[in-house]
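Let's learn to read a few features of a model together. Have the sequence and the 3D view open as we go.

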Amino acid sequence: MPVVSITNLKKRFQDQEVIKGLDFQLSEGKCIALLGANGAGKTTTLKMLAGLMKPDSGSIVFEGGEKADFRRLIGYLPQFPVFYEWMTGKEFLEYAGRLAGLPKATARNRAEELFELTGISDAKNRRIGKYSGGMKQRLGIAQAIIHRPKLVMLDEPVSALDPFGRREVLELMDKLKKETAILFSTHILNDAEEICDEILFLHNGELVESGTLAGLRTKHQQAKIDLAFKENTLQYAEELSLLQPFSSMKLDGEYASFLVEDIEYARELFLTEIMKRNLPLVKFEISRTRLEDVFMKVVQK
Amino acid sequence: MNQWMTLFKKEMLEMSRNFKWIWVPLTFIMIAVKEPLTLYYMPQIIDSLGGLPEGAVIELPVPSAGEALAASLSQFNTFGVLIIVLITMGTIAGERKSGVAGLILVKPVSYAWFVTAKWASSMILIWFSYFLSYFLSWYYVGVLFKFISFTDFLQSFFVNGIWLTLIITVVILFNTFMKSPGAVGFISIGIIVILSLLSSSLPHLLEWSPALLSAYANAFIMGSNFPDELLPSIIVSVFMITLSLLASIAIFKRRELA
């Protein structure tokens, strides 16, 4: 049974329809990235899931039905988390834990545990007003998971961080995967690829692509052979193209790129031909088109 | 109930961290106690400032003890109300505006408890400051003029306090409506001013109005008896306080927080 099922979710702000009918399900223990450009509707979707915004139509049903308080099941970190600056980190975490229904002692132990996990133990007795951006982000993650929710939603958890902060938070999320399902939004495919196995790709309020990264790769990625010769690359490439083992050819500066269907066959064919004619080959590279390019294409459409 | 205590304790802690427990009582004391003091020392003050020509004879009627204490009481309805609105106008609106409310209310927090904990903590702070300052004022009136019976003091204290409670509750109500503390303050003050003006200019039509409670308390401390309309006024006030609180909770539940 999925933790949450979303059907035909819609939301409009004034005259603009921001979410145009989303359908998806999230199951337990998965890590899913909500991918999309700025303005694609990621934050709106997460806010609706967290109950901070009401959808215009469609339904969000959490495990346990519509009657139960779904907030026990979720943890949420907004894009720009704000805390009570006058509290210390420890006070805030314990407060969050108590509000989530943990008994006093449990809240204290769990807070302690999370300071260890997030690596901000040194700052736990400092006022949150003095925390750096990365520390606030980690405190934000800690408060989101303090009650061991089944689903944690993180809105752009790494976007505002410097490379070190980014790395730390990504590693933290990697650890979290073992405990809970994660849904996090990002506009960077790299982040998604690093820790997630599935993505939901949002564009202009619509789900344009979704599935496992592996599945998307086989679906969208194509094998590619790049060739370069010492001279006359264009001429040789055109001659080779007569062999027709590929679906398209592109001349890219010094290189000729061939998108091919059957990599084994194409390699064999090219290499034999090149050897036979003793062409002055300087580069022969087999690679794949990047998933990023696929998404760029979708976004630019 | 556990959760309510957690929310309530946080409010109390916040009030002590930002020194509200010090400056709110101090401000209340300043505005209340200054009345009997200035009334008593007025001749000396005018004298020392030397604003009058040589030979002029100042004859100020010596105010009665009741008048002096009533002067304090009326301060609560001008400056006092302003301070109450200023310190409560951001209690929920401010948290919503900054975004921290979003972080807190995605936890399984009861909306009713969130609102009532805010209300209760504001009540305690303001009633404490109000009592302390009015009590000191009563004491100074006793020392400088004449001691007024303590039960009379208490009665006027509670009657006027009901009006102040209604103000706190109205500010909380607008807190659940709007995201901007400034707007909350502006509208609350507007409503209070309109209600007070209407009640004082049309007292025969609105004799049960909560806004008249302060006038009743004022007249009482100056020596007259409470009018028959006191009880209905109190009942109307308590009814409005309850209604506003329930409305606050209902509205807050339906609001989009982000």
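**Helix contacts in chain B**

Q: How do the axes of helix H3 (residues 65–88) and helix H6 (residues 111–144) of chain B cross?
A: An axis is a line fitted to C-alpha atoms, for helices over the stretch in contact, and angles run from 0 to 180 degrees between N-to-C directions. Helices are DSSP runs (H or I, at least four residues), numbered from the N terminus. Here, the axes of H3(B) and H6(B) come within 10 Å and cross at roughly 160 degrees. Angles over 145 degrees count as roughly antiparallel, under 35 as roughly parallel, 65 to 115 as roughly perpendicular and the rest as oblique, so H3(B) is roughly antiparallel to H6(B).

Q: Before we go on, what should I know about the model and its numbering?
A: This is a predicted model, in which local features need pLDDT of at least 70 and side-chain atom pairs count only at pLDDT 80 or more, while totals for chains, interfaces and linings use all residues. Residues are numbered from 1 along each chain as its sequence is written, chains are lettered from A and ligands numbered from 1 in the order in which they are written, and side-chain values use heavy atoms, with hydrogens and water left out.

Q: Which residues of H3(B) and H6(B) meet?
A: Contact means heavy atoms within 4.5 Å. Residues including B:Leu69, B:Leu73 and B:Phe76 in H3(B) meet residues including B:Ile126, B:Tyr130 and B:Trp138 in H6(B). The residues of this contact divide into 13 nonpolar, five polar and no charged. Ala, Val, Leu, Ile, Met, Phe, Trp, Tyr, Cys and Pro count as nonpolar, Asp, Glu, Lys and Arg as charged, and the others, Gly among them, as polar.

Q: How do the axes of helix H1 (residues 2–17) of chain B and H6(B) cross?
A: They come within 9 Å and cross at roughly 40 degrees, which makes H1(B) oblique to H6(B). Among the residues in contact are B:Trp4, B:Lys10 and B:Glu11 of H1(B) and B:Trp113, B:Phe114 and B:Lys118 of H6(B). This contact divides into eleven nonpolar, four polar and three charged residues.

Q: Is B:Phe220 buried or exposed?
A: Buried means under 20% relative accessible area, exposed over 50%, partly exposed in between (1.4 Å probe, protein chains only). B:Phe220, found in helix H9 (residues 213–221) of chain B, counts as buried because its relative accessibility is 11%. Not counting residues up to four places away in sequence, B:Phe220 touches B:Asp152, B:Gln155, B:Ser156, B:Asn225 and B:Phe226.

Conventions. Helices (H or I, at least four residues) and strands (E, at least two) are DSSP runs, numbered from the N terminus.
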